[in-house]
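Open the model in your viewer and keep the selection panel at hand.

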Amino acid sequence: MKLDARIPSGPVPQKWSACKRDLKLVAPNNKRKFEILVVGTGLAGSSAAATLAELGYRVKAFCLQDSPRRAHSVAAQGGINAAKNYQNDGDSVYRLFYDTIKGGDFRSREANVFRLAEVSVNIIDQCAAQGVPFAREYSGYLTNRSFGGAQVSRTFYARGQTGQQLLLGCYQAMLRQAHLGQVQIFPRTEMLDLVVVNGHAKGIVVRDLLTGKVSSHAGDAVVLATGGYTNVFYLSTSGRGSNVTAIWRAYKRGAAFANPCFTQIHPTCIPVSGDYQSKLTLMSESLRNDGRVWVPKKAGDKRPPAEIPESDRDYYLERLYPAYGNLAPRDISSRAAKRVCDEGRGVGPGGLGVYLDFSEAIRRLGRPVIAERYGNLFEMYEEITAENAYETPMRIYPAPHYAMGGLWVDYHLMSNLPGLFVIGEANFSDHGANRLGASALMQGLADGYFILPYTIGNYLATMKQPRPQPDAAEFRQSEAEVAATVKQLLAIRGRQTVRHYHKELGKILWEHCGMARNATGLQRALQQIPALREEFWHNVSVPGDDADLNQSLEQAGRVADFLELGELMCRDALARNESCGCHFREEFQTADGECQRNDAAFAHAACWEYRGAQQLPARHIEPLTFEEAHLAERSYK
Amino acid sequence: MNLKLRVWRQKNAATPGQFVEYHATDLNPNMSFLEMLDVVNEQIAARGEEPIAFDHDCREGICGACSCVINGEPHGPRDKVTTCQTYLRSFRDGDTVTIEPFRANAFPLIKDLVVDRTAFDRIIQAGGYISVGTGHPPDANSLPVPKPLADLAMDAAACIGCGACVAACKNASAMLFVAAKVSHLNLLPQGAPERDVRALAMVDQMDKEGFGGCTVTLSCEAVCPKGISASFIAKMNRDFLRAMLLNP
């Protein structure tokens, strides 16, 4: 497998300019001859579809949902980072770049991250011009707040609905192009295979979720913007429909899957309340601007929070990480929460929770200020828990939230399969082993608005691969395989529901490949998952048929892919004999329980190559070099 | 707690539907309404029957996918929440709960509780945007927007496009949905150059889709999970009238 990252030569800050200078262009009158397939309509997909269409390409956009506006980007609450330095607090492109590299524990690609920080400033301008109603000061100028892992205020936001407003911005831009006939939108359509012709990604096979019809679309390039896979854990903060299927099928067609074990467990989620639970709800990290995290000092202290005096409370983040305090990065905060709960100091039912307390902030600022900042989050918390966070501290616990791993891409955001571009959470490139808050929205829009539209032109201008007809043999064969899998799932007629297997897989992964991992547990999981998968294919029950909307069938296909991904995650976690960011291997920790990186052996991205169902995947590496941000111990103390 | 459910089951648009009764037992009041449907669906699936189809995704009240009429009210008994944010503590043990899809001519039924709301996308497509291409617009702070105006635009922009306003309206009017988008964009200076054409085009598309007219019963505002104010309808009417007069 050839993995050429195509990083331009020259100093890191000049690489993106150098790349743009050398890119081949497609003339305006030739752009309309190219057809680009964009799968997924979240921030990355919609912004890419809109921008490519504006440039003159013909675009087809596909999504699972009934409307592109419902992609799960919509649920991002807190904000989007940009190195605007509007607050005059010392921010700069370099600082955002460095914070992101350090936040990712030096396991991301330096050149990509610098470019991300560089274009971050354009995103805010673009979104403001689209009418995204960012929060403003009374002066009319934009305001900011702070997020974890940063000592500056660089996060722009629209109340607690930043993701929604940014998504509506690019959704509207995409629909404007649909109005102009440049984009064709296919809602309730699921990509079930990638079609590779002569080594180039040239199309997709999709299933119409309403009619069950399997059909092909041929294109000059395929863009996957299908989001992350943390639903592999069953319970996560992702939307229920979020899945790995599109990128997994691409992996099985030859695209490298990088760092699958890098999954982020977010520290501030509402704790699990029962076995029936279907998803976990995030409470925005922005709450840690004013909320203080604590647990009782003594294990087993069951007093209500109001009866625990200050002297018996342990504000453990402030104690352990005084420089960042409650705004320590997510991986660090999650692990600290797990540690205090493991010590028996957790609060709430089952002892799996810590307090996030606003009483000090309410005393300092008054309730109206807190309500203005976080009112909708407090309401949301109360809807779910029936508790009033103005009066009693919130209870929070970590939950799977984001996948830093994903398909491997080069500097052009193209995978090792020419013609296959992967953007947003679906790729692996920018967040290393841990993503900082408010950086996912930034990356999705950077990829879609400002990076892919440049780099894809270079591929189209140089590829010399005509677009095949959608009735070419490769498409026919792929369609037949997809239809056969659907038929097989419906024919099993076993005794357990799809959800049963999904839950079981989630339990295995949470226990052995979650916040803390060790070789013994991972090896056990590598026994359990194939056995569970085997049972699934013999004993799952998928009711209904293939001729109309069948949500059990959709879910069965996705869970079948999760059952394969889960194994690869464990394999990846087992091979990485170090701790970094969210990947915490208990064998590799410092005396005070922090991550012990091994830069000599593991300063690389692990890229997995599929070699058929009968053979183990091969592990390749892309070495990571650091010229601008020097490898250093990651400390927030 | 236990509930008796009367659920609208309909295989597809071509087959007549009917209410089917289910007994949901051993429920926890802290379950969400959709988690209760999940549990019922697991039992249905375990019998080898087809589970109740319903739209849902984020389960935190922001994607706008979920869309049940519960005991005659879109999104159920609580104010300012979606179906997925409705919890069983809003019901009493032993209650009978009737669950139907959002019904409107412009929202054709697909299956069980799932309807087709693509009409909303077509209305946005007609003019619900600011025509700025990706590129290098001026610095975001070069155009200050007074905070009260920005806040008001945000109030309108909070619409999640669920369609409860249509389901609640006796005329199946989409005025609140359309007014929210027209107001969000027309209030902002960035949206001002297109405000006439936007109001005209979106209202025109709304009519073409078969949504009814507004007779100001304000049922839309009452059920809106995001509390979008019906005063935006008045604002849109003003914009529309102005556009008609200036663009005869």
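**Stop 1: chain A as a whole**

Select chain A: its secondary structure comes to 17 helices and 21 strands. Helices (H or I, at least four residues) and strands (E, at least two) are DSSP runs, numbered from the N terminus. The radius of gyration of chain A is 24 Å, close to the 26 Å that the globule rule gives for 637 residues, so the chain is as compact as a globular protein of that length. That radius is taken over C-alpha atoms, and the globule rule is 2.2 Å times the number of residues to the power 0.38.

This is a predicted model: local features need pLDDT of at least 70, side-chain atom pairs count only at pLDDT 80 or more, and totals for chains, interfaces and linings use all residues. Residues are numbered from 1 along each chain as its sequence is written, while chains are lettered from A and ligands numbered from 1 in the order in which they are written.

Turn the chain along its principal axes. Its C-alpha atoms fill a box of roughly 75 × 60 × 50 Å. Of the 637 residues, 61% count as buried. A residue is buried if 20 or more other C-beta atoms, placed from the backbone, lie within 10 Å of its own; it is exposed if 12 or fewer do, and partly exposed in between.

**Stop 2: strand β7**

Now select residues 200–208 of chain A, strand β7. Eight of its nine residues are buried, so β7(A) is largely enclosed by the rest of the structure.

Strands pair if DSSP finds at least two bridges between them. Val197(A) stands opposite His200(A). Two residues separate the strands of this hairpin, and Asn198(A) in the turn has a positive phi of about 50°.

Which strand comes next to β7(A), joined by five bridges? Select β8(A), residues 214–218, also antiparallel to β7(A). Ile204(A) stands opposite His217(A). This hairpin has five residues between its strands, with Gly212(A) in the turn at a positive phi of about 75°.

**Stop 3: the side facing chain B**

Show chain B. Here 65 residues of chain A are in contact with 68 residues of chain B. Contact requires C-beta atoms, placed from the backbone, within 7 Å. Highlight α6(A), which supplies the largest share of chain A's side, nine residues.

Note on methods:
Contact = placed C-beta atoms within 7 Å.
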